[in-house]
Structure formats: C-alpha cells, structure tokens
Amino acid sequence: MADRNHNSKSMSRVVAIEVNGEHHEVTVKPRHMLVEVLREKIGLTGTKEGCEQGVCGACTVLLDGRPILACITLAVECDGKKIRTVEGLASGETLSAIQEAFLDQGAMQCGFCTSGMLMSATALLEKNPKPSLAEIKKALEGNLCRCTGYNGIVDAIRQASGEGVDPIFMR
Amino acid sequence: MSELNYIGKSPRRKDGPDKVTGRAVYSQDIKLPGTLIGRILRSPHAHARIVRLDLSKALALPGVKAVITVDDTKGIKHGFVETPRYPPDQEVLARGRVVYVGEEIAAVAAIDHLIAQQALELIEIEYEILPAVFDPIEAMKSDAPQIHPSHPKVKDELPYSNIGGRTTAGWGDVETGFAQSDYVREDRFESQLRTHGYLEPHATIAHWENDRLNVWTSSMGTSVKRAKLAKTLDLPFSAVRVHKVYVGGTFGGKIDLYSHEYCAARLSMMTRRPVRIVANREAIFSAYRHGQPLAMEIKTGVKKDGTIVAQQIRVINNSGGYRGSGVVVIFLAWGFTMIPYRIPNLKFEGLSVYTNYPVRAPQRGHGCPQIRFAIESQLDKIAEDLGIDPVSIRLRNAREPWEQLPNGDNVHEAGLIDCIKMAAEKSDFLKKYGKGRKTDGTIRRGIGMGVSGYFGGSLIYPNGSGVIVKMNDDGTPTVLTGGIDVGQGSETIISQIVAEELGVGIDDVKIISSDTDATPQDIGAWISGMTYVTGNAARQAAGNARQKMLDIAALRFNIDVRNLAIKDKVVFNRNDPSQRISYRDIIAYSIATRRGDTIIGEGFWRTMRDEPTHPSLATTKGRWSENYAFSCQVAEVEVDIETGEARLVKALTVHDCGFPINPALVKGQVDGQVSMALGHAFLEEVTTKNGYTLNPTWLDYRMPTIHEMAESDDADVITEQYNVGKPYRTKEVGEGLVSAILAAIGNAICDATGVRLTSTPFTPEKILKGVRKLARESKH
Amino acid sequence: MILYDFEYERPQTLAEAAGLLAELGPGARIMAGGTDLLPNMRVAIAQPTTIVGLSAITPEAPRVDADGAFRIDALTRLATLTDSEFVRQRLPMLAEAARVVGSNQIREMGTLGGNLCQDTRCLQLNQKHDFQFVAPCYKRGGACCYPFPQNKPNICWSVYMSDVAPALIALGASLECVDQSGARRISVEDLFTGGGLRPLNLKGGEIIQAIVVPPPPSYFGWGYHKSTRRGGLEFAIAVAAATIRLAPDNVHCAEARIAIGAVRERPVRALAAERGLVGKVPDAAAIAAAVATAVVEVSPLPHHDFTKSFIVDSLRVHLRRVLSRAVERARGEIPTA
C-alpha cells in the first residue's frame with residue numbers, strides 16, 4: 001500500500017482554463033476535481049454533483065468537445081483546455097435547439113440530471129446530427145434519470161435532430 | 001361550458017428555462033460566506049452499546065469549530081408519525097446505543113472537508129457489540145434480540161417481540177366467506193428492499209443569524225421540515241425559516257427530519273456560521289431511508305365466475321431500527337387492498353417489525369406497488385385456474401362509480417371499469433394473451449394486466465394548503481404558495497389555475513413558493529394532493545382576487561357586479577362593452593380612491609372537511625379520503641428463456657385522473673412511474689449482509705438506464721371537469737401508477753413463460769429456475 | 001472527493017514518465033484517463049503520494065506495422081477505438097469490446113492501456129470505508145476478507161473486470177512495455193498474475209506503451225459478448241470472447257482461442273475447451289461440448305452478488321452463442337466487421 005500522510009500538503013498551482021469562451025486562472029491543488037473548480041471557484045453551479053464516483057453523469061461537461069465526468073477529472077489536467085458547461089449552451093437569451101427541445105418534450109422534471117443530459121446530447125448531436133435510437137442510447141447510457149423514464153429525453157434529441165417529432169408542450 | 005385557456009392544455013414548465021440553462025439553484029448550490037463543512041460520524045455496527053465516546057482530540061484539531069453528540073441536543077425525539085399511539089421515537093443522534101449500521105452518532109463542523117474528515121477519525125469511540133437481527137420473522141420471536149420493546153397495545157395481545165405497530169381491519173366473516181367460495185387459494189408474496197434513487201443527494205445548509213435559523217434543504221415540504229426542526233431544536237416555529245430551493249427528486253425519501261439537517265442547524269447555532277452538510281452517495285445508499293420490504297400472505301376465496309367472496313391478508317414490514325413510516329405502510333396496504341375491488345368479507349392484519357436496519361421511508365406508492373403486485377398476481381392465477389380471462393375477472397370485481405367503501409368513503413366518479421375496458425381494447429389484450437407460451441424460439445413475448453387504486457390528499461400535518469394571490473400594479477398576479485416543486489410541475493399547475501381563474505396570461509403569473517416565511521402552509525409534495533388540495537386553494541385565492549377586482553369595477557361603473565365579464569385582463573360590462581377597465585386601472589383606482597386597499601386573494605383547501613383527523617393507523621376507523629384515483633395498466637414483456645433475461649417492451653397506462661390539468665405533465669408522471677416499476681420488477685435491490693449494504697453505488701444498485709426505457713403510452717378516462725370559479729376534483733397521478741404496471745409485468749412474464757413469480761425482483765435466476773421446473777414437470 | 005493531498009507531475013513523453021516513476025519510487029502512480037485510479041483513490045484503495053499524469057502525451061493513431069501486425073498506442077482512448085473506421089474494419093472485435101466499456105463518458109476519458117491496468121474489484125472493496133467494512137481487508141493491507149471470510153491472507157478473490165482484455169487475449173495480442181531500463185514484449189495473458197492482491201505483472205516503474213495484435217489469418221472469425229443486467233454502464237456478469245480459425249478446407253477448426261473475463265482474478269483461457277475443438281467440425285455438438293468443458297475449467301468466482309451457478313448458466317448460453325458467431329464469421333456466413 002502506498003504511503004499517505006495526513007499532514008502532507010501539496011503545492012497549489014495555477015491552472016488556466018477556458019470555460020464557455022471565458023478565460024479563467026484558478027489556484028488549485030492536485031486533489032481538486034474539475035467539478036469543484038467549476039462550481040466553487042468559478043461559480044458555475046449548473047454542473048451538478050450526483051455521486052462523486054463517475055457513474056451518474058450529472059457532472060458531464062465538454063472538454064475540448066468530448067463529454068467527460070467532471071467529478072473524476074483532476075483540475076490540474078485541464079490546464080490549457082476548453083470547457084463547455086450547460087451555462088454555455090445558450091447564446092445570450094437564445095436557447096440552443098436541444099434546450100428548446102427539452103422544454104418542448106418534457107425532457108426534465110426535477111432537473112438535476114438535466115445539465116449532464118444536455119451536455120451529452122449536445123456532444124452527440126455535434127458528432128452525429130442524425131443519430132439512430134441505438135446511437136442515442138449509447139451516447140446517453142452514462143446519464144441516469146429517475147424522473148422521466150428517458151422517454152421525453154429521447155424525443156427531445158429526436159426533435160433536435162430534425163426527426164419531425166411534435167412538441168407535447170406548447171410554447 | 002366556456003372554452004378554457006390553460007386547463008387541459010400543456011403550457012411549458014414554468015421552471016423549465018431555469019433547469020435547461022443551469023440557473024436552477026438546488027440546496028448544494030447555495031453559497032454563503034464563511035460556510036463550514038459538516039460531516040457525520042456513523043455507526044459501523046448493526047447493534048451496539050456506545051461504551052466510551054471521547055471528543056477531545058477532535059475538538060483540539062485546528063480548523064474544527066464544533067463537535068456535537070446527543071448530549072448537545074435538547075433530547076427531543078421526532079418520528080415520521082407523531083400520534084398518541086405512535087409517539088416520536090427517534091433522537092437526532094444516537095443515545096447510548098446504535099440500532100443500525102450508519103446510525104448517526106456525532107457531527108463535526110470544520111473549515112474544510114479534509115479537516116472535517118480528520119476530526120471524525122479523531123473521535124474515540126468504543127462499542128459493546130450486541131446481537132442483531134435482520135429478518136422480521138426472526139425478530140418477532142420471543143428470544144430475538146430486543147431492539148425496542150413491542151408496542152404496549154400489541155404486547156399483551158400477541159407474543160411477538162420487536163413490534164413497532166400493528167394494523168387490524170376487517171368486515172364481514174371471512175371463515176363463512178371461504179366456506180361459501182367455490183375456489184380458495186393462499187399465496188405468499190415478497191417485495192424486496194429498494195430505494196428512491198433521487199439524483200440529487202441530500203444537501204442542507206443552515207445559518208443561525210440574528211436569533212433566527214435559515215435553512216436550505218432538499219425536501220418534499222417546507223412546512224414539515226420547519227415543524228420538525230423547530231421541535232427538535234426547541235425553537236419557536238417563527239424562528240425557523242426554510243427557504244425555497246429547487247429539489248432534485250424525492251419519491252418519498254426526503255419528507256421527515258434527517259439527522260444531518262438537525263446537525264447542520266445545531267452546529268450553525270453553536271458556531272454562528274453557516275454549516276453545509278451534503279450526504280455522499282454511499283451513505284445515502286447504505287444509511288439513509290429506503291422503501292419498505294413487505295411480505296404478504298394472501299388468502300382469497302372466489303365464486304366460480306371469479307367474483308371475490310372473502311380475502312384474508314397478513315402483511316409484515318421489515319421496518320428498520322425505529323418506527324419510521326412502517327406503521328403507515330401497513331395501514332396503507334389495507335387501504336390499497338380495498339379500493340379497487342369489492343371484497344364482501346375481509347380480515348387484514350399488518351405488522352411493522354423492528355430490525356437492525358436503517359429506518360424506512362415511503363417510496364412512491366407507499367405499499368401500493370407491493371400489495372397490488374401480490375393481489376393482481378394471485379387474481380391472474382385464480383383466473384387461469386378457473387378458465388376466465390384476466391380482463392373479465394377484473395371487470396367482475398371492479399368498483400363502480402359512486403360505490404360506498406367499507407370505511408365510509410365514497411369513490412365518486414370512479415372510472416375503473418372504463419379504464420379496464422379501454423386498456424384491454426387499446427392493447428388488443430385478448431388477441432395477444434395466451435400466445436407467448438405457444439411460440440418456439442428463445443424469445444417469448446407476453447402480455448399482462450394490473451389494476452390499482454390510489455388516494456389523494458389525505459390528512460396529515462399541516463392538513464391543508466393556503467395560497468395567496470397578490471395583484472401587482474401592472475395587473476399581473478404574484479402567487480404565494482407553500483407548494484414545493486420537486487419535479488412534478490406544481491408551479492406550472494398552479495400558474496395554469498391562477499391564469500385560468502384570473503383571465504391572465506400564464507406568463508403573467510409569478511410564483512413565489514415553498515418559503516416558510518413568505519408563503520402559507522402547504523400539505524407538501526408527498527401526500528398526492530398537490531394538484532387537488534393546493535390547486536383548489538390557488539383557485540380559491542385567484543377567485544377571491546378576481547371577485548375583489550370585479551367589486552371595484554362594479555363600484556367604478558356603478559352597476560351590478562353580475563353584469564361584468566373578464567377577458568384579457570380587462571373587465572367590461574356585458575351589456576355595454578364600451579364600459580371597460582383594465583386590471584391595471586382597477587388597481588390604480590383602488591389605490592387612489594379606495595383608501596388604497598390592496599387586492600389580495602386568499603384561498604385555503606383541505607380534504608375531509610368534516611373529519612377532524614386522519615383515520616386510525618391501527619384500526620383504520622375513520623374516513624380517509626374523498627378522492628380516489630383508479631388505473632389499469634398493461635405490460636408487454638420479452639423473455640429469453642435460455643438466459644432468463646427479461647425486459648419490459650411496452651407499457652400502457654389508462655388512468656382515471658378526473659381530468660388532466662396539464663396532459664404533458666401527466667405523461668411525464670406516467671413515464672417516470674413505468675420506469676420505476678420496471679426497476680422494481682427486474683433490476684433494483686439493496687442487498688445487505690449482516691446489516692451492511694453491499695451495493696451502495698449507482699453501479700451496483702441497478703436503476704434503469706436509458707437502455708431499459710420502455711415504450712410508454714397513456715390515456716385518460718375523463719370523469720370530472722373544470723369550471724372556472726368552482727371547486728374541481730382531480731385525482732392523483734404521481735404515485736399510484738407504479739403499482740398496476742408492476743403487477744402487469746409479473747402477469748406478463750407468466751403469460752410468456754408459464755412461470756408464476758411470487759417475489760420481486762424478477763431476476764434471470766428466478767425466471768430460469770421457473771422455466772426449468774416447468775420443463776421437468778411437463779416431461780411427466 | 002479525494003481527502004488527502006498528493007503531488008502531480010505531467011511529463012511530455014513516455015520516456016520522461018518512466019524516468020519520473022523510477023525517481024519517485026513506489027509511491028508514484030501513472031494515470032491515463034483516471035477512470036479507475038481516481039475513484040479508487042476516493043475510497044482509499046490506492047493512495048499514491050504522486051500522480052504522474054500522461055495526458056500531455058498524444059497517442060499515435062492506430063496503424064499497421066511492416067509485418068502486418070496492428071499497433072495501438074496504449075494511450076488511445078476507448079472512444080477512438082469504437083469510432084475509428086480503421087479499428088472497426090480491421091479489428092472489429094476490439095472495437096466491439098471497447099464499445100461496451102462503461103459509459104460514453106468513461107470511453108471518452110479512459111484509454112486502452114488504462115483499461116488493461118484496472119485494479120480488481122469486489123463489492124466490499126469498492127466503496128467508502130467510513131462505517132462499512134472499516135477494518136481493511138487483505139487487498140487494503142489488512143487482515144480479513146469480507147466476502148470469503150475463510151480465505152487465508154494471500155488469497156484475494158477480487159475479480160478482474162476488464163471488458164477488453166479477453167478480446168485481446170482471444171486475438172493473441174501482446175503488449176510493449178517500457179521502463180527506464182528499456183522495453184519488453186509480453187503476451188496480454190502474461191500481464192496478469194492471477195492473484196487479486198497484485199493483479200498485474202508489471203515491474204515497478206513499467207508502463208504499457210502499445211498493444212500489438214497479429215494480423216487475422218484467413219478463415220478467421222470472432223465472437224464476443226459481455227453479459228450485464230442492464231444495457232450499458234455496468235461491469236460484466238461475465239465476458240465471453242472467442243476466435244476461431246478454420247483450416248483451408250473451411251470446415252474443420254484449426255485453432256480456437258477462448259478467453260473468459262470478469263469471472264476470476266485474471267481473464268482465463270479455456271484451454272481444454274480450445275483443444276477439444278481443434279481438428280473437429282465446429283458444429284452445435286462440438287460447440288456444446290466445448291462450452292461444457294469451458295465452464296468447468298474456468299470455474300467462475302461468485303462476484304458482485306452473482307452466484308457461481310448463475311454466472312455458469314449465463315456463460316453456458318452466451319459462450320455457446322459467441323462460438324457460433326465466431327464459426328459463422330470464419331465461414332464467411334456473416335460479415336466479420
């Protein structure tokens with residue numbers, strides 16, 4: 001077993017990350033996860049913590065375009081990287097197509113999984129604008145939802161991909 | 001009836017934009033300067049005496065600001081149930097003895113997580129391990145380890161240990177009933193330990209400031225949280241403010257007081273700084289409150305046409321180390337037995353048994369999924385044995401509109417019969433039924449049906465909901481409601497009702513909700529009454545405000561108020577539409593000339609207006625609800641008979657919700673409950689050994705992923721209607737629809753394979769075992 | 001969150017990483033995607049004093065070497081293996097195995113080398129130990145075993161769960177490992193000790209650099225199945241991976257490789273079952289016999305709440321189906337990729 005010293009302190013270091021197009025320099029220790037940095041130091045609380053274990057997907061953000069789990073990503077590994085969170089999906093007041101689709105299809109109820117879902121869905125549609133149902137499921141298998149049963153979420157992605165699904169909520 | 005603008009339509013969720021942009025603030029997102037981190041010391045033993053507890057090293061660690069044990073509390077107990085028969089029985093921190101793994105013993109507040117964790121590790125504690133018991137049948141034995149003395153009312157009648165509570169109910173004479181039956185069968189069913197699986201972990205931040213306690217916590221009702229915090233902290237209610245936050249899913253697991261909420265508050269009172277405690281997921285899966293495992297013994301006698309003559313039921317709840325909601329689930333199991341079908345003779349007994357497990361909480365349906373699974377499975381078996389199809393036997397027994405229930409309630413416009421007929425027709429049930437077992441190949445398809453009933457808005461503190469509608473100068477309303485949106489869409493529903501009653505646009509309605517200082521009391525989001533109770537209160541409040549504005553307009557025009565009509569925030573004289581005044585001008589007029597009277601509408605609603613309280617949990621005497629919902633659900637499953645792997649392919653839910661206020665929100669509730677039911681049916685189980693939880697992670701507690709998603713269709717049977725200005729009756733859709741579909745899945749598996757399973761989950765092992773047994777039997 | 005302070009280095013090359021490991025000693029661990037190491041650090045199974053992160057090193061693209069073998073950089077992300085046309089066409093079995101690992105996010109973070117180096121798992125091990133299973137088990141350096149209390153101290157039955165390793169073994173793949181002193185080549189099978197306490201045969205300071213897969217011969221077919229309770233996200237009940245090479249007559253089996261994963265402390269070759277197929281026509285009867293032999297010789301451990309008999313039942317069906325697919329592919333009856 002490796003050594004662990006309760007009292008040892010590590011050096012803090014400055015990490016430069018771009019979040020939703022804005023440049024940030026944050027002071028972190030190696031043990032700080034990206035999710036803590038986003039939520040506590042930068043103040044973007046849209047990314048949620050559901051488990052700390054890298055399973056539920058509530059902390060999903062895009063790192064250089066790839067959907068990753070911020071709760072098991074060291075902040076120090078993100079130096080020089082571009083990160084997108086749910087706060088970066090809209091352009092000003094204009095929601096992205098997938099955000100509108102989520103509202104149209106009832107793809108969220110309690111909303112806690114929603115940020116992570118939107119990021120996984122955004123990454124999917126950017127890579128594969130017309131995904132099949134199997135591809136949708138594969139892309140979102142790491143995002144747990146307890147409220148919706150996933151039906152509304154699938155319909156939202158299909159709507160956003162232009163599959164001609166009608167909204168069930170009225171604008 | 002005039003055209004409705006919002007009721008019955010599906011406007012977008014009010015909280016939708018916040019949730020899709022990340023703006024929605026949940027308890028873990030609240031930031032206060034100077035916040036300390038709180039952590040809880042939990043018992044590593046299932047049953048033990050605390051022999052020595054020394055906090056000195058923890059207190060001495062730099063960065064630690066406070067450490068508490070039960071000695072730092074007022075010693076005031078709390079409980080899910082607090083009645084004379086079932087008084088509060090749990091302290092906020094263990095006193096001298098722990099009765100489950102994970103029970104809270106002490107709490108620390110420190111400047112960061114590392115120091116808080118180190119402080120916990122510095123607490124010196126010695127235990128004397130006591131014998132523990134985990135199975136309720138074992139716990140009932142006279143020589144079982146005593147967790148708590150059996151209930152005084154039960155002790156003298158029954159020779160059982162560890163009884164937290166007992167429910168007995170019945171009517172008629174079951175022995176005569178069985179004697180008169182053409183066919184009697186007895187079966188035993190079991191439903192496993194499951195948990196809620198809300199994505200948002202429990203999170204609380206408490207701040208004691210200026211002699212008042214401010215709390216942000218993940219809950220199902222701020223009124224209840226305030227009450228329990230105030231009581232256990234020995235503070236006046238008005239000194240405790242529970243603030244509004246968004247809540248990330250609850251399903252019954254965030255109702256009553258949790259130790260960490262008390263601890264955050266107490267630690268803040270001692271340190272004068274905000275204290276935040278967020279539960280980690282392993283602790284939630286292993287030490288927080290799960291749903292109730294039930295063992296159910298059902299004996300049913302029927303005539304040869306399938307009509308139920310008599311039923312005898314015993315339910316045993318594995319209730320954990322304190323009473324929790326165990327005494328409620330055994331009462332509810334009776335309730336959910338007697339709602340859907342006529343049972344001329346009934347004998348019911350429920351026992352809630354202490355075991356060395358964490359306390360239990362309600363879980364969506366609160367006994368209904370378990371008992372309907374049992375009853376509907378047995379009914380299908382009875383039907384099969386008698387050569388009756390599953391639809392006919394249900395129609396024969398289903399309650400009809402306006403039937404009187406044995407407890408004195410009435411089912412009013414019960415739509416159950418129409419639900420069954422519609423479900424059978426839409427699913428093409430009788431064409432598909434009975435085909436699965438005849439096919440070759442390894443994948444068998446089956447169809448099954450289940451029926452359920454539920455109740456809405458029964459009486460429990462605070463019994464009723466108040467709503468206030470304040471008119472703003474610009475003619476739009478601000479609604480103050482204690483109603484809390486936990487995902488079900490209460491803010492949207494209330495907005496729709498207020499918009500409809502006031503004739504304003506739904507975007508004009510602002511909601512201020514679930515803040516115990518600013519908003520009136522509310523029954524909470526856990527008694528299936530938000531739409532019916534809080535909604536009617538909102539209707540009344542809006543109507544009250546509307547009437548005040550009409551009165552002012554009548555005064556202004558000097559005409560009879562009955563000649564006035566409203567359209568688009570304008571009041572006008574029906575006989576001379578040129579006489580018109582906008583809401584804005586009414587308000588301005590009121591301020592300028594009517595002594596500045598504000599225009600505030602007040603509404604209040606509760607169910608069971610003639611009843612002082614809820615029925616007796618122990619005897620079931622007393623009227624329970626004026627609002628019964630009904631449903632029939634059909635499941636289509638696929639089973640691989642080589643591997644036992646099975647899945648839900650399609651679910652159809654036909655429910656009598658009265659009428660849907662927002663059909664898309666109802667669909668969301670249906671989809672979510674179908675998902676929860678398939679998890680219950682196939683995947684989910686909290687597995688334990690000697691009181692320890694083996695699978696306290698999302699990986700190993702198997703909630704449905706998107707792969708498990710089933711096709712989910714729903715249809716309403718409309719039995720009520722909405723008229724502006726009149727009370728309405730909607731029936732709940734948020735909890736009752738887990739039950740019949742669970743039963744339907746069990747029945748569908750039997751249709752597909754011939755295997756009748758009597759315990760959930762329906763694992764591949766159980767299915768394979770059943771398939772093999774049938775294969776062996778068919779050879780003989 | 002990880003509740004202790006550790007140091008972090010970020011070398012620019014693998015050689016630099018190897019040098020750092022040599023310098024820092026056994027307290028240092030390398031980290032690729034971190035999807036195994038970081039959760040294990042959170043529950044204090046691993047507690048390195050320094051993490052040597054490899055994320056600054058760009059992996060080479062998968063390619064064919066001069067001798068026709070496929071070379072995959074160990075730092076290749078699993079998502080790259082599933083997305084890459086090259087891998088899907090030329091090494092479809094590897095693409096399929098990578099496709100079922102974890103979740104989409106895990107595949108975007110995790111690497112092939114990292115997946116092979118994952119630690120063994122057990123329910124009581126892979127959770128926090130604040131109040132459950134507090135006394136360390138053998139694998140945590142302590143004196144007991146929770147799921148198998150009768151096991152002696154050198155026996156740890158935690159299970160090796162990699163989805164990809166059985167596929168690589170069935171493909172006959174090998175690994176290039178480097179450290180400060182040089183490089184060596186070992187078969188993927190030889191990566192494993194077969195013991196749960198120290199599952200990997202890597203020397204201190206040694207890093208996997210590349211995975212080398214021999215070119216598939218003619219009349220070659222593969223089959224792969226990961227059985228799980230849900231459609232994704234989880235570790236396996238069992239992984240069945242098989243390759244079949246038919247003789248030039250396209251009828252008789254010339255070579256068979258069967259590797260079963262997630263049932264023991266290492267992936268297991270079903271050698272007797274393989275031998276039983278060689279020279280035979282791999283029809284339903286021969287496959288059934290091979291499966292019957294395999295489940296006995298593999299002797300699965302109960303793990304993650306699955307009983308041995310259930311795992312055997314699952315394997316019986318899925319291994320049979322896997323072998324049938326492999327034969328169909330070898331015969332050209334179904335497409336290989």
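Within chain B of this predicted model, 19 residues of domain 1 are in contact with 21 residues of domain 2, where contact means heavy atoms within 4.5 Å. These domains belong to a division of chain B into domain 1 (16–23 + 460–606), domain 2 (32–130 + 200–250 + 254–287) and domain 3 (367–454 + 625–779), with bounds that come from an automatic or database domain assignment. The C-alpha centres of domain 1 and domain 2 of chain B lie 39 Å apart. Between them, domain 1 and domain 2 of chain B bury about 1,700 Å², of which carbon and sulfur atoms give 52%. Buried area here is the accessible area (1.4 Å probe) that two parts lose on being put together, summed over both.

Charged side chains also meet at this boundary. Four salt bridges are counted between domain 1 and domain 2 of chain B, a salt bridge being a side-chain nitrogen of Lys or Arg within 4 Å of a carboxyl oxygen of Asp or Glu. B:Asp517 forms a salt bridge with B:Arg241, and the closest N and O atoms are 3.7 Å apart. The side of domain 1 of chain B that touches domain 2 of chain B has six nonpolar, six polar and seven charged residues. In this scheme Ala, Val, Leu, Ile, Met, Phe, Trp, Tyr, Cys and Pro count as nonpolar, Asp, Glu, Lys and Arg as charged, and the others, Gly among them, as polar.

Local features need pLDDT of at least 70 and side-chain atom pairs count only at pLDDT 80 or more, whereas totals for chains, interfaces and linings use all residues; side-chain values use heavy atoms, with hydrogens and water left out.

Chain B also meets chain A. This contact takes 52 residues from chain A and 61 residues from chain B. The two chains bury about 4,700 Å² between them, 59% of it on carbon and sulfur atoms. On the chain A side, A:Gln109, A:Arg146 and A:Met170 lose the most area to chain B, together 18% of what that side buries. Seven salt bridges are counted between chain A and chain B; in one of them, the side chains of B:Lys31 and A:Glu40 meet at 3.8 Å, N to O. The two chains also share 25 residue pairs in polar contact (both at pLDDT 80 or more). Helix 2 of chain A supplies the largest share of the side that touches chain B, five residues. Helices (H or I, at least four residues) and strands (E, at least two) are DSSP runs, numbered from the N terminus. By class, the side of chain A that touches chain B has 22 nonpolar, 15 polar and 15 charged residues.

In chain A, 15 residues of domain 1 are in contact with 11 residues of domain 2, and the two domains bury about 980 Å² between them, 60% of it on carbon and sulfur atoms. One salt bridge is found across this interface. Four residue pairs, both at pLDDT 80 or more, are in polar contact across the interface of these domains of chain A.

Finally, chain C has 11 helices and 12 strands. Its C-alpha trace spans about 60 × 50 × 35 Å along its principal axes. Chain C also touches chain B, with 36 residues of chain C in contact with 42 residues of chain B. The area buried between them is about 3,100 Å², 53% of it on carbon and sulfur atoms. C:Phe131, C:Arg229 and C:Arg230 supply 25% of the area that chain C buries against chain B, more than any other three residues. Six salt bridges are counted between chain C and chain B, and the side chains of B:Asp640 and C:Arg321 meet in a salt bridge (3.1 Å, N to O).

Methods
Residues numbered from 1 in each chain as written. Chains lettered and ligands numbered in written order. Polar contact = N/O pair within 3.5 Å; in protein donor to acceptor, adjacent residues only side chain to side chain.
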